[in-house]
Amino acid sequence: RIRQNLREKHARHIADLRAYYDSEIHSLKQQLEASHKTSSSEDLKKINQNLADRCDQLDAALNEASARIKALENKNNMLEKQVADWRERFCAVSNTSKVLQERIEEMRTSNKDKDNTISRLKSRLQDLEEAFEKAYRLSDNKNARLKEENKMFQNLLGEYESLGKEHERVKDTLNTTENKLLDANTQISDLKRTISKLEAQLKQVEHENALNLRH
């Protein structure tokens with residue numbers, strides 16, 4: 001919308017300039033015709049030269065204004081592209097941050113479940129240890145049962161150690177993901193500041209453009 005409004009303003013401004021210059025040229029032509037009737041040949045040459053100089057000045061002013069308007073349009077387009085690019089990058093980083101946050105929540109839930117499982121295994125292991133000790137004290141003739149319980153105990157111990165290692169890996173992964181989230185949030189803050197600067201620069205260019213149009 002800004003670009004369309006600027007183009008409409010530029011078109012009106014150029015139309016006004018052309019109308020103004022056409023009016024000046026028409027007025028000068030009328031002066032020239034009037035001077036033909038009342039002035040001498042030498043005066044006519046002088047007036048003619050003055051009119052030609054004035055036309056050249058007006059033409060140069062029109063060219064300069066058109067060039068300035070074109071330069072401002074190009075700068076406007078460049079800033080709009082930069083703002084669009086930074087907004088796309090901001091959206092990409094925001095999406096990445098959202099995905100990382102979801103993964104962290106999933107890992108926290110999984111970690112909590114594993115903590116609960118480890119607690120249950122600890123409790124079960126303690127019960128088995130107590131049962132093992134009790135059975136050992138009660139009778140030496142129950143070797144088969146003791147071997148079976150010992151096997152169960154070793155299996156539970158291995159499962160407990162495996163879950164402990166997995167729990168540590170999950171904690172490490174969770175820490176790494178949280179660090180990535182912090183980096184993403186930092187990048188989002190940088191992108192926000194960059195977008196604010198670009199928008200401020202765009203407003204400055206629009207302000208300069210408006211001043212040039214009024215000039």
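Let's start with burial: of the 215 residues of this protein, 23% count as buried. Buried here means under 20% relative accessible area, exposed means over 50%, and partly exposed is in between, with a 1.4 Å probe and protein chains only. The areas themselves come from the Shrake-Rupley method with that 1.4 Å probe, and for residues only the protein chains shown count as cover.

A quick word on the model. This is a predicted model, where local features need pLDDT of at least 70, side-chain atom pairs count only at pLDDT 80 or more, and totals for chains, interfaces and linings use all residues. Residues are numbered from 1 along each chain as its sequence is written, and side-chain values use heavy atoms, with hydrogens and water left out.

Now the overall picture. What does the secondary structure come to? There are three helices and zero strands, and from the N terminus on the order is α-α-α. The radius of gyration is 42 Å, well over the 17 Å that the globule rule gives for 215 residues, so the protein is more spread out than a compact globule. That radius is taken over C-alpha atoms, and the globule rule is 2.2 Å times the number of residues to the power 0.38. Along its principal axes, the C-alpha trace spans about 145 × 20 × 20 Å. As for how the elements are assigned, helices (H or I, at least four residues) and strands (E, at least two) are DSSP runs, numbered from the N terminus.

Let's move on to charge pairs. Side chains of opposite charge can pair when their charged atoms come close. For us, a salt bridge is a side-chain nitrogen of Lys or Arg within 4 Å of a carboxyl oxygen of Asp or Glu. How many salt bridges does the structure hold? It holds six, and I'll walk you through some of them.

Take Arg 54, which forms a salt bridge with Glu 24, with the closest N and O atoms 3.9 Å apart. This pair links distant parts of the chain: Arg 54 sits in helix α2 and Glu 24 in helix α1 (residues 2-38), 30 residues apart. Both partners are partly exposed, Arg 54 at 30% relative accessibility and Glu 24 at 23%.

Next, Arg 87 bridges to Glu 199, and here the closest N and O atoms are 2.7 Å apart. Arg 87 lies in helix α2 and Glu 199 in helix α3, so the pair ties together parts that are 112 residues apart in sequence. Arg 87 is partly exposed with a relative accessible area of 42%, and Glu 199 is partly exposed at 29%.

Then there is Arg 108, whose side chain meets that of Glu 105 in a salt bridge (3.5 Å, N to O). Why is this one a local pair? Being three residues apart in helix α2, Arg 108 and Glu 105 are separated by about one helical turn. Arg 108 is partly exposed at 38%, and Glu 105 is partly exposed at 38% too. Glu 178 joins in as well: Glu 105, Arg 108 and Glu 178 are linked in a network of salt bridges.

Staying with charge, have a look at the surface patch. Asp 127, Glu 129, Glu 130 and Glu 133 gather there in a patch of negative charge. Patches are made of residues with over 30% relative accessible area and no salt bridge, and like charges are joined within 9 Å. Asp and Glu count as negative, Lys and Arg as positive, while His and the chain ends are not counted. The place of a charge is taken as CG of Asp or CD of Glu. Glu 133 belongs to helix α2 (residues 41-138), and at 43% relative accessibility it counts as partly exposed.

Finally, some distances along and across the chain. Ile 188 is found in helix α3 and is buried, with a relative accessible area of 12%. Ile 188 and Arg 89 are 99 residues apart in sequence and 9.0 Å apart in space, C-alpha to C-alpha. Arg 214, also placed in helix α3, is exposed at 60% relative accessibility. Between Arg 214 and Phe 132 there are 82 residues in sequence and 97 Å in space, C-alpha to C-alpha. His 215 comes in the segment after α3 (143-214) and is exposed, with a relative accessible area of 81%. The C-alpha atoms of His 215 and Arg 54, 161 residues apart along the chain, are separated by 19 Å.

Definitions and conventions
Patch = residues over 30% accessible without salt bridge, like charges linked within 9 Å, V, L, I, M, F, W, Y side chains within 5 Å.
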